[in-house]
Amino acid sequence: MAGSGTAHLRPVDDTLLRAENLVVEFPVGSTGLKVHAVSDVSIDVREGETLGLVGESGCGKSTTGRAMIQMPRPNSGHVLYRGKDLTTLTGRALRAVRPEMQMIFQDPISSLNPRRKVFDIVAEPLRIWKRGTPAEQRKLVHETLEAVGIPPEVCDRRPHQFSGGQCQRICVARSLVLDPKIIICDEPVSALDVSVQAQILNLLEDMKQRYGLTLVFIAHDLAVVKNVSDRVAVMYLGKLCEVAPPDALYAQPAHPYTAALLESIPVPDPTVPVDEEATLGGEIPSPVAPPSGCRFRTRCPKARDMCAQVEPKLRQVDLGHYVACHFPLEPGETPAVTRLAARAGTTGAGAAASDPGR
Amino acid sequence: MSRKVITSSATGTPADPGTRLLRVVDLKTHFRTERGTVRAVDGVSLTLDRGRTLGVVGESGSGKTILSRSIMGLLPRKNVIREGHVFYEGNDIIGYRPEQMREVWGAEMAMIFQDPMTSLNPVMKIGRQITESLIYHLKMDKKEADETALSLLASVGIPEPAQRLQEYPHQLSGGMRQRVTIAIALACGPKLLFADEPTTALDVTVQAQILNLLQRQQRERHMAMILVTHDLGVVAGRSDEIAVMYGGKIVERAPTRVLFADMKMPYTEALLNSIPKLDHRSHTRLEAIPGRPPDLVNPPKGCNFAPRCKYVQPRCLEEEPPLAEVGSTGHYYRCWFPVGTPEGQEALARNRARAGAAAAAVTISPTRTEEL
């Protein structure tokens, strides 16, 4: 896993946003060392599609999402938006494209200015871009607030008078008023309670339909990502591990890391036994000095000598299903760490393979 | 004096063989604020024995964290009203003075907090943070305490423990820091361990490691554990009993398997249904719970959950249901129209029929689910 390659990319004219060989590095103070946040990641998203980016903290998923809309610009690589290379655009030309690309952040409360009224927060993008007369702006803001489930009567209130879930609705409204084509959602529900999380996920699905949006959905929760995505990319330490349609990815993970991630999710069902041996050991290595070859090899139950020397490239294992691993899991195979669990645990058809919840 | 009472039972022979390790009776914890009295914990009763795990589940603001802190006596005194009884090995510790509680904290009961970053002292080496309680409670000398700390760090799975003792918290990862807080909590061999959202700040693979560690330590040390979480998945495989909290009250309590197999409280059902499941196809519409948790200053009349409940009937808005037991199965719930009963089914059917009629009359925006 943890490899590069472009085999999974689709034709340019078929995609809305396409990132090629993105590299993002941050200097570590004045030490001369670099944090390799994103290393040669290529990913694309079709119009109307939801791309899920998933991985643990520090895997580079947020940085990838931000680099796709040039916030900040990547150190190298290209980002094609409707065939136009954003990385070569001047600041002014890039700014002209910005209204079509919006972002929703993790913490809804801190991403709203506490001193401003909700109406002004949502109307600001329209004012900046001088869209319509004040009366038209007012109408559009009210319509958008109504669409996200905030009654327009309360738009004179300030953010602290709303709950976290409502603040996230306001953030969604703010991102919608300019009629964007693509929204980068960076962990939009991880600060919310489960009951409210479901409201916001449903809202995003509704808004996607209503406004014809394309979404890049970044999250660490695999179940959430599965629920919203049309295509899921699993990241580890600045690299892509696996790209696949969600149902295939979860039913038949090909990368040992994906399988381990799925194993780790606690299942809300007490009849599913918890296997203490089936846990991925160790921790994510430092992105300042990532391991050679496959970056996952230090924790991988299937790692061999080759994994330290040669970096795996993404290659197709099934229709639309790509994996960057020298020794991907065969259909029906579970990685060494999970084999015990499968034997001791679930019964019935296709035990471990068809039981992604384990 | 309290020291004596407690150490007599610490020898392993409780004064009365029928004494439970922990028995909480009608515990109330209210806060006086400018807005009025916040009823954060409002009449909670529970019991727990050694070697058992109680999962306390609830959303933010349900009172689950205040409950555990109130049992442990970790709340400030000012503007806090704390009533009821907390029997620890038969002694009511609710009236203990801080210096009496100091003999209980660490030695008898300990707590692990959500955020390992802020619960460790950033300017004290890890070794000293562990040996502090060993020297205070167990009267160890420095050398003995250092050796114990070393074996504690090793037992919680920290690589190179000798080197780690000399390091500061910022030099460790989040998962390693949480292992250190576990080592500190376990240092004096407490009989009761509170774990308050111990894995919420951690990644999913590290979460599994930490939960396994807690479970193993609990088994080996025959501790009782109260595992507080918002995630039903975390407690499902790792608790003997679950208490679901909503609006400062326990709304359902049952042995874990019974709870999942036969949940009675509409809130528990709604909570479980709102979680995205891995075995559902992508784009499965989630059953969100409309509205938001109750205001604990002015809780609604009747059942707390009634304004968000799909089983709600006029009675629910008037009378508060008591915590009733199903036969004598140890399964308690607080509902007039429980899930899976004829009354519940009837209530649901009635509401659906009415919603159908209403929807035909007025078309409501499907996303307008939160009330203001």
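## Domains of chain B

The domain assignment divides chain B into domain 1, residues 2-11 + 33-246, and domain 2, residues 249-279 + 295-360. This is a predicted model. The C-alpha centres of domain 1 and domain 2 of chain B are 31 Å apart.

Contact between the two involves 20 residues of domain 1 of chain B and 21 residues of domain 2 of chain B. On the domain 1 side, the elements giving two or more residues are strand E2 (36-48), helix H10 (232-236) and strand E9 (241-246) of chain B. E2(B) gives the largest share of that side, with eight residues. Sorted by class, the side of domain 1 of chain B that touches domain 2 has 10 nonpolar, five polar and five charged residues.

## The four-stranded sheet of chain B

E2(B) also belongs to an open sheet of four strands in chain B, with the order E2-E1-E4-E5 and antiparallel pairing. E2 and strand E5 (91-92) of chain B are the edge strands, each pairing on one side only.

Strand E1 (residues 22-33) of chain B and E2(B) run antiparallel and are joined by 10 bridges. E1(B) and E2(B) make a hairpin, with two residues between them. Within this pairing, B:Phe31 stands opposite B:Val38 of E2(B).

Helix H2 (residues 64-72) of chain B lies across E1, E2 and strand E4 (80-88) of chain B. The direction of H2(B) is at about 70° to E2(B). The loop between H2 and E4 of chain B holds B:Asn79. B:Asn79 has a phi near 60°, a positive value in a residue other than glycine. Is B:Asn79 buried or exposed? B:Asn79 is exposed, because 12 other C-beta atoms lie within 10 Å, and a residue counts as exposed at 12 or fewer.

## Helix H8 of chain B

Helix H8 of chain B covers residues 174-186, which is 13 residues. From its first C-alpha to its last, H8(B) reaches 18 Å, close to the 18 Å expected at 1.5 Å a residue.

H8(B) is mostly covered, with 12 of its 13 residues buried. The buried residues include the charged-type names B:Arg177 and B:Arg179, along with B:Gly175, B:Met176, B:Gln178, B:Val180 and B:Thr181. Further along H8(B), B:Ile182, B:Ala183, B:Ile184, B:Ala185 and B:Leu186 are buried as well.

## Contact between chains A and B

How many residues does each chain bring to the contact? Chain A brings 50 residues and chain B brings 51 residues. On the chain A side, the elements that each supply at least two residues are helices H4 (134-147), H5 (164-176), H6 (194-211), H7 (222-228), H8 (246-251) and H9 (256-264) of chain A.

The largest share of the chain A side, nine residues, comes from H6(A). By class, the side of chain A that touches chain B has 25 nonpolar, 15 polar and 10 charged residues.

A:Ala233 is in strand E9 (residues 231-236) of chain A. A:Ala233 counts as buried because it has 28 C-beta neighbours inside 10 Å, against a cut-off of 20 or more. Apart from neighbours within four places in sequence, A:Ala233 is in contact with A:Ile43, A:Leu51, A:Gly52, A:Leu53, A:Leu240 and A:Val243. A:Ala191 is 42 residues from A:Ala233 in sequence, and the two are 22 Å apart in space, C-alpha to C-alpha.

A:Leu237 is in the loop between E9 and strand E10 (239-244) of chain A. The phi of A:Leu237 is near 50°, a positive value in a residue other than glycine. A:Leu237 counts as buried because it has 27 C-beta neighbours inside 10 Å.

## A cis peptide bond in chain A

A:Met71 and A:Pro72 are joined by a cis peptide bond, with omega about 0°. A:Pro72 is in the loop between helix H1 (61-68) and strand E4 (76-81) of chain A.

Methods. Residues are numbered from 1 along each chain as its sequence is written. Chains are lettered from A and ligands numbered from 1 in the order in which they are written. This is a predicted model: local features need pLDDT of at least 70, side-chain atom pairs count only at pLDDT 80 or more; totals for chains, interfaces and linings use all residues. Two residues are in contact if their C-beta atoms, placed from the backbone, lie within 7 Å. Domain bounds come from an automatic or database domain assignment. Two strands pair if DSSP finds at least two bridges between them. Axes are lines fitted to C-alpha atoms, for helices over the stretch in contact, and angles run from 0 to 180 degrees between N-to-C directions. The expected span of a helix is 1.5 Å times one less than its number of residues.
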